[in-house]
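Biologist: I've got a model open on my screen and I'd like to learn how to read it. Could you walk me through it?

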Amino acid sequence: MTLFEDIDLFDEGKKRFTDFQLPDTDLKLWEQFFEKRASDEYFSILKDVTPWQQRTRKMYDKILPDPRLTAFYGGENGLEWTPLLLSIKSAVEIACGITFNRVLLNYYRDGNDSVSWHSDNPSSSGKHHAIASVTFGETRLFKVRHKFRKDIPQLDIPLTHGSFLLMGETMQEYYEHYVPKTSRPVGGRINLTFRLSDGAVNTNYVG
Ligand SMILES: O=C(O)CCC(=O)C(=O)O
Ligand SMILES: [Fe+2]
């Protein structure tokens, strides 16, 4: 079985828990946190009803589209929470005991969509909080590397349909993450990052 042929695991219906035990932070993964049938339904609803935006960024003298679509909910300038997003939010809150007030959705339409190495910005008070990352749709690799210590091996974490990854409070201070493009023929993937922010809208990511 390759990393990406996870149909057998789904059939077992097992919630698999991994604590990566990283130096300087906490990183925990629950696979099949959401059941396959619910995850299928959430993927298709979110894909169809989300008002996806194509953001751009300035690179030297060019304005380039981000290689993914996004939508931001909660807070002063975010979209109004939907019942589905609130129910996903409360499921992760119950599991990790942390409350969130924003969510950024990323839609990776195919293997050409990606997010480059970055760590997420702190909230406007300057404080870092935990981030809950939920994936529906295609499995894509989530790469993690320490910012200062080259002796810590890079992690390649396949984030599967219905998975929940919890990045601890200090994760953004010490680590960067990355979702590379892939030449495998892949379908769409939607990732939701639930965040806690205490000020005006802060889209909290670099791409
Ligand atoms: O798609 C992912 O798994 C990560 C998204 C991300 O890093 C971000 O939105 O800041
Ligand atoms: Fe990020």
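Modeller: Let's go from the whole chain to its sheet, and then to the helices. Keep in mind that this is a predicted model.

Biologist: Okay, how many helices and strands are there in the chain?

Modeller: You'll find four helices and 13 strands. Buried residues account for 32% of the chain's 207 residues.

Biologist: How do I read a sheet, and what is the strand order in the open sheet of seven strands?

Modeller: In general, strands of a sheet pair through backbone hydrogen bonds, and the pairing can be parallel or antiparallel. Here the order is β1-β2-β11-β8-β13-β6-β5, and the pairing is antiparallel. At the edges sit β1 (16-19) and β5 (69-73), each with pairing on one side only. If you ignore direction, neighbouring strands are turned against each other by 15° on average.

Biologist: Now the helices. Which strands does helix α2 lie across?

Modeller: Helix α2 (residues 36-49) lies across β6, β8 (131-137) and β13 (189-195), and runs at about 95° to β8. Helix α3 (residues 83-96) lies across β2 (27-31), β5, β6, β8, β11 (163-167) and β13, at about 125° to β8.

Biologist: And what share of contacts join residues at least 24 apart?

Modeller: Taking contacts between residues at least 6 apart in sequence, 77% join residues at least 24 apart.

Definitions and conventions: Residues are numbered from 1 along each chain as its sequence is written. Chains are lettered from A and ligands numbered from 1 in the order in which they are written. This is a predicted model: local features need pLDDT of at least 70, side-chain atom pairs count only at pLDDT 80 or more; totals for chains, interfaces and linings use all residues. Two strands pair if DSSP finds at least two bridges between them. Helices (H or I, at least four residues) and strands (E, at least two) are DSSP runs, numbered from the N terminus. Axes are lines fitted to C-alpha atoms, for helices over the stretch in contact, and angles run from 0 to 180 degrees between N-to-C directions. Two residues are in contact if their C-beta atoms, placed from the backbone, lie within 7 Å. A residue is buried if 20 or more other C-beta atoms lie within 10 Å of its own, exposed if 12 or fewer, and partly exposed in between; C-beta atoms are placed from the backbone.
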